[in-house]
Structures are given as C-alpha cells and as structure tokens.
There are 4 protein chains.
Amino acid sequence: MPSFALEGPATCTTYPAGARPHPIVVRRTTYSLSMHDLDPAAALSVVRVRVRFGETDLMGIVHHGSYVSYMEVARIEWLRRRGLTYAEWAAHGVHLPVVELSMRYRAPARFDDEIDVHTSLMEIGAASVRFDYRLVRAADAMLCTEGSTRLACIDARHALQRIAPEVAEILRQPELGG
Amino acid sequence: MPSFALEGPATCTTYPAGARPHPIVVRRTTYSLSMHDLDPAAALSVVRVRVRFGETDLMGIVHHGSYVSYMEVARIEWLRRRGLTYAEWAAHGVHLPVVELSMRYRAPARFDDEIDVHTSLMEIGAASVRFDYRLVRAADAMLCTEGSTRLACIDARHALQRIAPEVAEILRQPELGG
Amino acid sequence: MPSFALEGPATCTTYPAGARPHPIVVRRTTYSLSMHDLDPAAALSVVRVRVRFGETDLMGIVHHGSYVSYMEVARIEWLRRRGLTYAEWAAHGVHLPVVELSMRYRAPARFDDEIDVHTSLMEIGAASVRFDYRLVRAADAMLCTEGSTRLACIDARHALQRIAPEVAEILRQPELGG
Amino acid sequence: MPSFALEGPATCTTYPAGARPHPIVVRRTTYSLSMHDLDPAAALSVVRVRVRFGETDLMGIVHHGSYVSYMEVARIEWLRRRGLTYAEWAAHGVHLPVVELSMRYRAPARFDDEIDVHTSLMEIGAASVRFDYRLVRAADAMLCTEGSTRLACIDARHALQRIAPEVAEILRQPELGG
C-alpha cells in the first residue's frame, strides 16, 4: 500500500490557500514509469459489463455519464485481478480519486448490450496512475467509446501519497494466474 | 432548429461498416466559427446547482461522475437563456449528444455545496459545438473542476445535421434580457 | 409478447383528462394469477451484482437509490433466464415500467460487496406483474434490503397491454435448463 | 441535534448476530408523535426540481429511480427551510438514512419538466421520522408520483439515536419566515 507522503506536494498557486482546504493536484513528474516501461500485454485486462435499463436516456442509447461508471468498474476489477482490493485500501483511508478524465464517443451502445472494457495501465507516476480504456460491444466488436483517467493516490486527509515501490511492482504484473 | 443534412457525413474508416450501425463521428472542420469569432462575455452563462446527497461517494466528496451531470444541466440552461429549449429539439428528434468530454479535478466539492457552473460556448462547428466549464464553489470561489464537452448535432436516425445559420446566430447571442 | 390491448383500460378519474396525456394506472383485477398459482421454486432466480464505488454515498454505505438499480438488473436477468429478452420487447415498443415500488432496509451494504438478489415472481395480473426481492450479501448471508415492484405492461403509446396467455405461461416456468 | 442513544435498540432476531454488524432496524413505537399531533399546513413544503436529461431512460420518460433522488432533494430542503442543515448533521456523524421507501407512479414525467415535490412530515417517532411526497408537474398540476420514506436517526457507528425533544420541536414548526 502506498505509504510515503510526498514532500512538497504540488499545489495550485492561482487561488488563495484558504479557498482550497483539500486541493488535489497531480504534477506530471519526470521520474514516473512511462509507457515504454510497461508491458502492454501484462497491462491489459478486459472486463465485461452489461448495460442497465436506467443507464440509457431518452435518445434510446447509453447516457454518456454511464461510461464513467463502466470505466470505474473496470479499473477496480483490473486491480483485483492483480491481487489489489481497492475496498481494502478505502477501508484504510487510501484512495485513488479520478483527477483527470477524457472520453471520446464513437458509436452508441444500447440497453442490454454487453460491453467489453479493454483497460490498460499506461503510466505509473510518483503519486498517480493513468489507465486507458476502449469500450467495445461484445456482440460485434464495435468500438463505442475510448477514454482515459488519471488517478491520484491520496490518504484520508486528501494528502498525496507516493506510490510505494512494492505497489508499483504489483501494478506492473499481469493478471494473477494469467 | 438545425435543418440541413450534411452531404457525406464524416465517417470513421477504421472499422467495418457493418459493425457501426449508427456511428457518431465529428470531423474537425476548417469552416467552423472558432473562438475568436465569439464574444467571451456573450458566450458565458453561470448556472448554479446544489450537490445532492446521492451524488457523493464513500470518500465523503462529490463522485466524479456527478460533474458530468452538472455540466449537462448547465449547458441545457445555457441554451434556454438564449431561447433554445433543448426539450423541444429532442421532441423533434434533434439531439446534441456528447461526443467528447474531458474533466480535470482541482478540489473536492461536498454534499450540499452550491456550485456555480461557468459555462462558455467556445466553438461552433459545422455539425458540432464545444462548451467549456469551470465549476466553482459558490461559498468561497474555490475551483472544483474544469471541463469541456463537444456535442454533435444529429437527427432521430443519428445522422449528423449541419447547424443551420439561424441557429448559429442564436448561439452567438448573449442571454436574453442580459 | 403481450399482444392484446385491454378494452377500457383502467383510468384514474380524480384528475382532469387533459392533465394526464399518458396515465399509467394498473387496476388490481380479480382474474389475475395469484401467488398460490405460482410454484415458489420455479418463480425464483438469484442474480448477483457487485456494489460499484459510485453507488455509495458519504455515509460510506450503498446509497438507497442504488437498490432500485439492483432490483432492475435482477428482474431483467430473471426474464432472460426464461427466454424473454426485455431489450427485444423494448425495441418493439413494449415496456414493463415500474408502477409501484417499496423497499425496506435491514442492514447496510458496502462498496465492492457482492449482493445476491433473490428475485421471485409473486403475481401475474391482467396487465401487470409483481416481483419481490431479497438482497443478501453473498459473503455472510446478511439480509440488506427487501423490496417489491409492480410492473405494468404497456405499448409504445403507453396504453396498457393485456399479458398474453403465452407470455403468462412462460412466466410460470422455471429457469431454462434449471 | 439528536443526542440520546436508545436503550436496547430494536434488533432483528431472525439472522445470526455475527451476520449483522450494523443493523438498521426501526421499531414502530407507540410513544411517537403521530399525524394528528402535526399541523398539516406547517408540515408541508413544496420544493421544485427540473428533470435532467440523464434522468430519463429509453422509454423517453423519467426513470423511476430518479424519483428517489427528487424525494431526497426535497426533504433536505424541507429541513433547511426550518433551520436544520443536514450537511452539518452529517459532518457530526448524525445521519437520517432511508429505512423504508415506497412509491406509486401515476403518470410519466419527461425531460425538462419542472416538478413540484409536495413534501409533508407525517410522523415523528422515537428514532425515526416519516415524510410523504406528491410529485406534481408544475406546468399542468399532473400528479406524477406519490411516495413515502421513513428515515432512521443514527450516529456515526450506525446506532439508533433518539430524536431529542428540541429537534422534535423544530420539526413541528412551519418554514422559517413562512
């Protein structure tokens, strides 16, 4: 589990300190493990979700906000398949909140579709990780959405936590038994 | 209301046609109105929302997916304040689905916070528009989240619709009575 | 699929007709199949869901609104296991909207818990069905929530549809291959 | 703020104790303030919400789960209008989780509809309160949904808390300045 507080966590300087009781700011560091350090095959998990009725909207398709949920489900499962139970981290006050998120829609998914969320760890930073996602409809391999999230590692007081070497090592592993 | 179908709507060519019954792909065109054609003051509306209990998560703060909802509320209100009722468009089968979305978190918002969503139209494309957002806590002006969405204009069959000149003209106006 | 329109569908008489373009009112009929016509063992399916992070709230437990979603997932899967694909019905404009819902909370579920939704068809009415639910945490058999929903059968114009005998017959069957 | 722990809180006896780390069970007591002790006019607040796009489903109407959210918004506003800020209670670990919920649908609401949630306190129990709701479309006074929720008063360890006399007194008051 991440265990060392970053000295001098990056802070945003454009707002008065009093206005930001718990800023979550992740500086892009130069000493992170970048993509070329990660094995793409080991870094990939495919997690299947099925579209719920209430996740559609009046257009008759999946509401774009629902993809945020699918990506969340997928990365938590990604961690579980490598032996990391996020619920245990949360119980200890360690969290991985989303600090950056982007999505690009390609084609609509529909109610009851099974969606394979291809989830790849792309970067291990000093106090953050980045996952990329490709959401593909299982029935016909149609790409519905692409996305990316950066997650900060923080403690219960919302202070940035350095990702410990032993955690980084686990993150570089393929799925257990895979 | 958008009324002219684009001839030869842009389509993604990297996937077999059969796999994409309703692709939503928006090509960045060169003939769009870009930011320097828009008056920043006229293009801005500030829409207030209050954080609901169910929009928080076990971290005790607003779940990141809730911001997707706040941005949606804000841009629909942005249109209304210029005389465009999105519900009427939807009733006629014209929609503005989100095709690109990005968010960057700055600081956590909490239950019951009032959030001012500063919403600016940034670009009017041939068949899409882009809004940028700054979500600011009303009580202390703390910036919680920044975001951006690109919306495609489509018809009931999910075909791209050119944004009609009269609609583009309305989009360039400030709030009614403002 | 339900195919016969009810003659003289029940309508609510306490509101002016103009105010109710699409009333959904289900009259309790005397000619429905009641519980004693149903085989409790055949009427039961157990559907497992896992609590998503975004389904919790700041109390650190599952938000009560999330149980609505779990019950929905479970009854759609209940139908699927008997050969009825609700998505096909929806594509044909036949729907089973929830017209009554009740829940009673027993104990809190938490993030990442696996919940077994014990779902039983309790009644087949002329134009509605009722399901009861027991949501039980898989790890320790703790009862988290009990619930019940009545679903009306309606067409695309929101007119009540009599449940056809062949559909009622299918509803009385156990899971396929079970 | 509620301040006295109930001696011998009611507990469910049909499940082994080890399986229920945090049971939330509210016994209907005989010593509660019942409806005839409450002034119906004072007990009523009307809170307006507007239907969000993402709160609809593929039927083109408001998803039934969204009403759960509207009732929650309304009762938190009901408290605020009497000087009780639920967010402050939550910050002190005092909560009012929903332990019973029922809804009956009358007619569908649609995207962008303004809904007036008529919210009435119906009962003040020893450690719980009950609110009833009538969700009425503002444009034409159409009744969309009726509902009821019972809320338990608990502390941070999920132990039932007696509702203190001074809180009960506030709950019996009309809206401030009303």
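Hi everyone, let's start with a pair in chain D: D:Glu146 and D:Arg134 form a salt bridge, with their closest N and O atoms 3.5 Å apart. By salt bridge I mean a side-chain nitrogen of Lys or Arg within 4 Å of a carboxyl oxygen of Asp or Glu. Side chains of opposite charge can pair when their charged atoms come close.

Before going on, some ground rules. This is a predicted model, where local features need pLDDT of at least 70 and side-chain atom pairs count only at pLDDT 80 or more, while totals for chains, interfaces and linings use all residues. Residues are numbered from 1 along each chain as its sequence is written, chains are lettered from A and ligands numbered from 1 in the order in which they are written, and side-chain values use heavy atoms, leaving out hydrogens and water.

Back to salt bridges: over all chains, the structure holds 84. One of them joins the side chains of B:Arg137 and B:Asp140, at 2.9 Å from N to O. Are these two buried or exposed? For this, buried means under 20% relative accessible area, exposed means over 50%, and partly exposed lies in between (1.4 Å probe, protein chains only). B:Asp140 counts as partly exposed because its relative accessibility is 27%, whereas B:Arg137, with a relative accessible area of 10%, is buried. In chain C, C:Arg52 and C:Glu55 also form a salt bridge, with 4.0 Å between the closest N and O atoms, and both C:Glu55 and C:Arg52 are buried.

Now, how do chains B and C sit together? The same surface serves both copies, as 100% of the contact residues of chain C recur in chain B; contact means heavy atoms within 4.5 Å.

Between chain C and chain B, the salt bridge count is zero.

Finally, confidence. The model scores ipTM 0.83 and pTM 0.85. Chain A has a mean pLDDT of 84, with 79% of its residues at 70 or more; pLDDT is the predictor's confidence in each residue, from 0 to 100. Residues 1–22 of chain A stay under 50, and residues 27–31 of chain A are below 50 too.
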